[in-house]
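Trainee: Could we go through this structure together? I would like to start with the surface.
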Amino acid sequence: MSPMNKLPARRVAIVGANRIPFARSNTAYAELSNKTMLTDTLRGLVGKYGLAGELLGEVVGGAVMKHARDWNMLRECTLDSGLHPATPAFDIQQACGTGLEAAILVANKVALGQIEAGIACGVDTTSDVPVGVNPGLQRGLMKLNAARGRGDKLMAMLRLLKPSYLIPEIPANAEPRTGKSMGQHAQITAARYGISREAQDQLALASHVNLAQACDEGFFDDLVMPYHGLTRDNNLRTNSSLEQLAKLKPAFDRQNGTITAANSSPLTDGASAVLLASEEWAQKKGLPIMAYLVAGEVAAVDFIDEHEGLLMAPAYAIPRMLRKHDLALQDFDFYEIHEAFAAVVLCTLAAWESADFCRDRLGLEQPLGAIDRSRLNIKGSSIATGHPFAATGTRVVATLAKILEQAGSGRGLISICAAGGQGVTAILEK
């Protein structure tokens with residue numbers, strides 16, 4: 001097979017970003033759809049960077065909670081975004097890793113010279129979840145549609161008259177293979193690693209403190225556009241304390257659990273997008289380069305029967321990525337580890353510090369070691385910001401890119417866990 005590209009790989013610039021404030025489920029965006037939120041976010045990006053009528057190489061993104069009517073959502077959103085209507089777009093879905101995976105896909109095409117610029121994005125709503133009709137009713141309607149002749153149609157209609165068909169199919173908050181919710185899995189993993197309730201609450205409080213400080217400093221002013229009455233993420237708590245957090249009851253193990261609603265990311269609505277391009281394209285447009293996306297790595301773990309924790313795949317992806325780029329875990333100025341649960345962040349850090357885990361699971365002679373916690377999620381993360389599943393990856397890319405832009409130089413690490421035992425990770429540099 002001939003190579004896809006005969007030119008040397010190019011550096012991939014993160015040129016711009018835009019998102020709407022994230023909102024707790026059933027609050028400010030309760031009446032909005034994924035399509036509306038993502039279209040408006042893309043319009044904001046187009047307006048901010050003068051892209052009206054621009055023909056981009058591709059728009060890539062997706063949603064986790066998606067109605068059947070949104071089968072071609074990205075293309076539909078792109079057509080209404082203000083970009084040139086000939087701009088291609090397609091949907092992807094990799095649970096909470098969707099946004100970052102979209103950024104890696106766009107970046108790979110830019111690096112290979114297949115496109116000059118593209119947009120990665122994500123959106124999700126838990127206020128407008130797809131509620132399916134009863135499977136029996138669905139099959140009955142299909143038979144009615146296929147029936148020929150009045151007699152057959154009448155019989156098909158009569159078979160639909162069953163009270164049980166009125167019971168809808170609600171999306172399950174559980175892993176299909178285990179029946180356990182993500183929180184239940186995380187609680188099991190937290191117990192295995194001995195993560196204390198106090199440590200989780202401390203991390204959760206730091207998320208709110210860091211996000212509040214960043215908002216007050218105006219850090220997000222050019223990353224977040226006002227939307228439907230919000231100017232900042234409405235999950236942010238500016239008056240929390242460890243004493244208040246300690247009063248909450250465990251959410252997934254009432255007797256011995258340590259995970260609560262406060263040290264977990266909440267159900268959230270929102271959308272985010274980032275603009276990626278070659279350096280040449282950015283220079284032609286007169287757009288500054290925030291940072292570069294230089295590496296991406298994806299891993300999955302066997303979490304069935306708790307062989308490994310459901311959300312521990314980044315603990316495997318990161319070492320693999322470090323090895324490929326000849327880096328140590330400590331060679332980073334900033335760390336963005338997605339706070340699906342505070343316990344997951346702490347379990348991941350504990351795994352890298354564990355000689356047993358690094359030897360037995362990663363095949364390393366030495367543990368990866370500890371990181372400087374003062375460099376972790378310095379502008380807040382998902383516990384304070386919220387976590388609209390597919391939108392989190394591009395939210396994190398934008399935040400870290402701006403951190404590096406403000407610093408003037410440096411290297412940042414991104415780690416995002418995802419359902420199905422998956423993890424998506426990346427390295428940004430300036």
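This is a predicted model: local features need pLDDT of at least 70, side-chain atom pairs count only at pLDDT 80 or more; totals for chains, interfaces and linings use all residues.

Trainee: Which residues gather in a patch of positive charge on the surface?
Mentor: The patch consists of Arg 139, Lys 143, Arg 159 and Lys 162.

Trainee: Where is Lys 162 found?
Mentor: Lys 162 lies in the loop between α5 (150–159) and α6 (182–193). Lys 162 counts as partly exposed because its relative accessibility is 44%, and the range for that class runs between 20% and 50%.

Trainee: Which residues form a nonpolar patch on the surface?
Mentor: Leu 154, Met 155, Leu 158 and Leu 161 do, and together they have about 430 Å² of accessible area.

Trainee: And Leu 161, is that residue buried or exposed?
Mentor: Leu 161 is exposed, because its relative accessible area is 66% and the class begins over 50%. Leu 161 is found in the loop between α5 and α6.

Trainee: Changing topic, where is the place of Met 37?
Mentor: Met 37 sits in helix α1, which covers residues 34–48. Its relative accessibility is 0%, so Met 37 counts as buried.

Trainee: What separates the C-alpha atoms of Met 37 and Val 123?
Mentor: Those C-alpha atoms are 7.2 Å apart, although the two residues are 86 residues apart along the chain.

Trainee: Finally, what does UniProt place at residues 290–430?
Mentor: The UniProt record, an unreviewed entry, places the feature "domain: Thiolase C-terminal" there. In the model, residues 290–430 are 35% helix and 21% strand, and the end C-alpha atoms of this span lie 7 Å apart.

Conventions:
Residues are numbered from 1 along each chain as its sequence is written. Side-chain values use heavy atoms; hydrogens and water are left out. Patches are made of residues with over 30% relative accessible area and no salt bridge: like charges are joined within 9 Å, nonpolar side chains (Val, Leu, Ile, Met, Phe, Trp, Tyr) within 5 Å. Accessible areas come from the Shrake-Rupley method with a 1.4 Å probe; for residues, only the protein chains shown count as cover. A salt bridge is a side-chain nitrogen of Lys or Arg within 4 Å of a carboxyl oxygen of Asp or Glu. Lys and Arg count as positive and Asp and Glu as negative; His and the chain ends are not counted. The place of a charge is taken as NZ of Lys, CZ of Arg, CG of Asp or CD of Glu. Helices (H or I, at least four residues) and strands (E, at least two) are DSSP runs, numbered from the N terminus. Buried means under 20% relative accessible area, exposed over 50%, partly exposed in between (1.4 Å probe, protein chains only). UniProt positions are given in the numbering used here, feature names are shortened, and annotations may be inferred rather than shown by experiment.
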